[in-house]
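This report describes a helix pair and a chain contact. The sequence and structure come first.

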Amino acid sequence: MIDIRDAFFDEIYEIASKDKNIVLITNDMDIYSLRQFKEKYPDRFINIGVAEQNMVNVAAGLASCGKKVIIYGISSFLVYRCFEQIKFNICSMNLPVIFAGVGSGLAFSFDGPTHHGTHDIDVLASLPEMEILNPGETFSAKFCAKLAVESEKPTFVRLDKGPFPELSSEKNIIDNCFSILKPVKKVNIISTGSMTSRAMKVSEVLENKGNEVGVVDLFRIKTISNQLINMIIKKSETIFVIEENSESSGIGSIISNLITKNGLSVRLKILGLENKQLLEYGEREWLLNKAKLDADSIATKIMEENFI
Amino acid sequence: MNTSELINISNKIKLEVLELAVLKGKGHLGGTYSCLDLLVALYYGDVLNINANNFEGNERDRFILSKGHACLALYVILEDLGIITKDALNSYGENGGLGAQLDISVPGVDWNTGSLGHALGVVSGIAMASKMNNKSFHAYTILGDAEMAEGSVWEAIAFAGDHCISNVIGIIDRNRLSVTEVLEDDGIFRNYAAIVESLGWVALEVNGHDFEEILEALDKAKNNKKPTMILANTVKGKGVSFMENSLKWHHSIPSSKELEIARIELSEKIKNG
């Protein structure tokens, strides 16, 4: 397993070897694959220092002159500290800048709510021009790198950190938006980001008890393909959204809106984090266990709701 | 274009700005008049290579009027240069027409405006792209003096200085009045040149209503090996006696009596110019 950031940036590195317009800007962040970019393309790598607002503004200026700029930083600092810069100089100018924000969910578990990426989805979703990608396994991380570079819109990629498995492949991906990792059943899990590998574990726990669920990894969380409605939501009796985001402002809300907007009849349960700034510090797994987002607790919940 | 011609253009634009602001009941005359000579120098003084034939191209200079509330002067200039139509100009202040801030749907406008403190970072990126792409254009911005309190301006100053982005040219409209206060020579203005130079810039200071000084500074700025900041000492409301140096004229609109006085003053200057 490789670090999901390396999966993403290795792909960016490959693309950059052919596309001389790719420029990488960071606020003093590091990762192995960035080092090779920096060494190979020093003229296209800018460490702007701890000055995020200016980083976004400079990126906007570069992008307006045809540069394809990728900004790499801790997600929460990009979203919150630079919100107006993003809204004003990137989105209202509709510049195809890519934000690679690391630290979705509780990836920075010991660093507190300044670093947590648990409430950023609806903040980003409030920007009409912004696309949001959220890969949770290494294939979609690479795939999202391509999608982001090809996009003509501003794109925010919610990146995790650390080793993640490869779960998907080209043939599982539907409409550049989601992967069907386990075939659709009456009860289906839609997950995103870090929770996708957990959703697979949940499905195994359930299978061992004789209950089958479908698993869908939603990696383009805005704009969502109609195929998610046609192929997944309309085919489901119950959908469990599993996410490492606030239960009131993650993909559950986005899917809930989709259901109501389209007048669909399906039972939706959102299993996410309580809506609070988490001032507790510990291992990510410990925090997730406390939130009953470990695979066993999720499986039990699904069992109780559906199969008993 | 010689100095007296530039003065004459400036007064004509002031009169047109006045008429439009009063007709539509909208405008920030004080801060528009304080930077108007700077705009005239940029657009008519052979500084910006922007005209009706090239404004959509990639090779020309870029300009952001960071204090976008002075947009009415720019609209009048863009119409005079043949970049926007008379009809477009006259749509100012109408539903669906030109707004009180700039946006890129208006031909000749390089950037949306409305929030302060952004443009210097953006022009730094633009200027950097110019160098990366082996182009020779410069990126200019006019900032308000009150805007210099924005932290992001200083992030941009540090950045452009550190990276020696010599084709960035900032001009501060130092009219000494914010919306509600007199901006004395305190804070950064106590020691402006030393502060800016210590961050890797060339600091120049001019009378922002003296075309010779403005153009000389801009000429130097174009050839500097570092980014250049020009502190332009200006007068808010410049050109209309009762508007000068008055907090009232940040966004007040003249009464019919005041309009008449302003009209006479500006028309006299144009006639005598």
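**Crossing of H1(A) and H2(A)**

In chain A, the axes of helix H1 (residues 4–18) and helix H2 (residues 32–40) come within 8 Å and cross at roughly 20°. The model is predicted: local features need pLDDT of at least 70, side-chain atom pairs count only at pLDDT 80 or more, and totals for chains, interfaces and linings use all residues. Residues are numbered from 1 along each chain as its sequence is written, and chains are lettered from A and ligands numbered from 1 in the order in which they are written. Helices are DSSP runs (H or I, at least four residues) numbered from the N terminus; axes are lines fitted to C-alpha atoms over the stretch in contact, with angles from 0 to 180 degrees between N-to-C directions.

H1(A) and H2(A) are therefore roughly parallel (angle under 35 degrees). Residues in contact (C-beta atoms, placed from the backbone, within 7 Å) include A:Phe9 and A:Tyr13 of H1(A) and A:Leu34 and A:Phe37 of H2(A).

**Burial in H1(A)**

Among the buried residues of H1(A) are A:Ile4, A:Phe8, A:Phe9 and A:Ile12. Buried means that 20 or more other C-beta atoms, placed from the backbone, lie within 10 Å of the residue's own.

**Contact of chains A and B**

The contact takes 19 residues from chain A and 18 from chain B. On the side of chain B that touches chain A, helix H5 (119–132) and helix H6 (151–162) each supply at least two residues; H5(B) gives the most, with nine.

Technical notes
Parallel < 35°, antiparallel > 145°, perpendicular 65-115°, else oblique. Contact = placed C-beta atoms within 7 Å. Buried ≥ 20, exposed ≤ 12 C-beta atoms within 10 Å, placed from the backbone.
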